[in-house]
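The report below goes through one protein model, from its annotation and domains to its ligand surroundings and backbone details.

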Amino acid sequence: MMLPRLLLRQRQSTLLRRAKVANARTLTTVEDASKPIRWGIVGAGSISKDFAKAVNFTQGAEISAVAARSASKAAEFAKNHDIPQSYGSYDDLIQDPNVDVVYIGTIADTHAPLAKMSLLHHKPTVVEKPLTTSFQETKELIDLAKRNQVFFLEGMWSRFFPAMKKVRQLIADGAIGQPVMVSGDFGWSTQGCDEHHRIWFPASGGMIYDVAMYMAQLGLAAYEGDSFYKVSAMGITQQPTTMQHHPVDHTALVSCQMEHNRNGFLQFHVTGQASTEERAVFQGTKGRIVLENHHVPSKIQLYNNDGAQILEFPLPDDSFASWDHASSIGFTYQIEGVGKALREGALECPEFTWRESLEIARMLEDIRGQVIGTAEDEGESSEPESETASVARYGR
Ligand SMILES: NC(=O)C1=CN([C@@H]2O[C@H](COP(=O)(O)OP(=O)(O)OC[C@H]3O[C@@H](n4cnc5c(N)ncnc54)[C@H](OP(=O)(O)O)[C@@H]3O)[C@@H](O)[C@H]2O)C=CC1
Ligand SMILES: O=C1OC[C@@H](O)[C@H](O)[C@H]1O
């Protein structure tokens, strides 16, 4: 029998509340949990939906407002996620005194102006990846956060997963010796994305802005404190057959040498041509770590002189909800991490620092330039698909 919508929503709310109580037993609680951190959500699209469900699941966090470009869309989102206030303007949400921290879940080229507005209002701000669409914008925002002494974070949520924290600890403890190569892939097939999907947007689309940062952060996790030195990329651009202009990058194959540890390399590919394994390998001089589903990791395979070990870090039970993206329950780790940082008065999260955002912004700009810049220079942009390959020294 079909349940009426209201009843369904009430049932989901009850399940969510029960899950939240159960969750209290399995997740670390933050200090002063008596006063929840109040989130304001900017944008009512796909990832904001998953993020809202995760906030509603997380101890010590709640959503006080949501904003969308249209008031009716915001109101509908608010109803679906038990949010007391909705706005038809992003600006109004940013100015709401009942919002402790702003989450920006809009398309990538809107991140910089929205984050700037939020930081200018001294609002702690979390921005979905990619933080911006240029190194310069990222630098300006980080300088602003520093100047205004406001908490600021690029939502590199993978870093907050317990399995990822364990990988970093194992590498720091020397469990695989000196890291020498980090390699991996991240691909999902864009075949089902119609021409209105954000992945085709000329200024914010493409696979580099969508997933390359996940690969780059693996490199920085392995080579702690290091920078990217030489970066070379080759790839192809693509556009949906119904669109005749502005192809976006679709596959990028990237090789990189690290600056301080010149024996350390990173190699990855991202693609919209196929759904790939999403596997990362951290090869060290004395062993290796293999991470499956590396952007939402829950299992580590460690091979070294002590033999082979499998370490499991199961995500919280999320059977109470359906998600647009599998494993979005993992946002709860980032939401907790932000709550902890805010209660401690920190300006950044140790899990993913401003320095790392800058480093990654520089790399994304560079590889995007190598993959599509050359295609545009060569006047290939009217072709449905074009190939470029170039190698460049990583200037700084
Ligand atoms: N962490 C993760 O796992 C994931 C992160 N993301 C990131 O989240 C961001 C949003 O992605 P996603 O939710 O999939 O995208 P959607 O297309 O589903 O939603 C994007 C939102 O952007 C807002 N927006 C603002 N200006 C425009 C504009 N000119 N055209 C279209 N939309 C606009 C819209 O907000 P409004 O509702 O106000 O109209 C819309 O809801 C991206 O940066 C993406 O990389 C995406 C998927 C997974
Ligand atoms: O962040 C992301 O992770 C999962 C992908 O499917 C999605 O496109 C991307 O934005």
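## Annotation and basis

The UniProt annotation "domain: Gfo/Idh/MocA-like oxidoreductase N-terminal", from an unreviewed entry, covers residues 37-152; UniProt positions are given in the numbering used here, feature names are shortened, and annotations may be inferred rather than shown by experiment. The end C-alpha atoms of residues 37-152 lie 15 Å apart, and the span is 45% helix and 22% strand, where helices (H or I, at least four residues) and strands (E, at least two) are DSSP runs numbered from the N terminus.

This is a predicted model, in which local features need pLDDT of at least 70 and side-chain atom pairs count only at pLDDT 80 or more, while totals for chains, interfaces and linings use all residues. Residues are numbered from 1 along each chain as its sequence is written, and chains are lettered from A and ligands numbered from 1 in the order in which they are written.

## Domains and their contact

The domain assignment of the protein chain, with bounds from an automatic or database assignment, gives domain 1 (5-157) and domain 2 (159-315 + 354-392). Their contact takes 16 residues from domain 1 and 16 residues from domain 2, two residues being in contact if their C-beta atoms, placed from the backbone, lie within 7 Å.

On the side of domain 1 that touches domain 2, helix α6 (residues 135-148) gives the most, with four residues. By class, that side of domain 1 has eight nonpolar, four polar and four charged residues; Ala, Val, Leu, Ile, Met, Phe, Trp, Tyr, Cys and Pro count as nonpolar, Asp, Glu, Lys and Arg as charged, and the others, Gly among them, as polar.

## Ligand surroundings

Around ligand 1 there are 20 residues, of which Gly 45, Ser 46, Ile 47, Ala 68 and Thr 106 come nearest; a residue is near a molecule if its C-beta atom, placed from the backbone, lies within 6 Å of it. The shell around ligand 1 divides into six nonpolar, eight polar and six charged residues.

The residues around ligand 2 are Trp 188, Asp 210, Val 211, His 295 and His 325, and by class they divide into two nonpolar, two polar and one charged.

## Backbone details

Most residues other than glycine have a negative phi, and most peptide bonds are trans. The peptide bond from Lys 129 to Pro 130, however, is cis, with omega near -10°, and Pro 130 has its place in the loop between β5 (125-128) and α6. Asp 82, although not a glycine, has a positive phi of about 55°, and Asp 82 is in the loop between α3 (71-80) and β3 (85-87).
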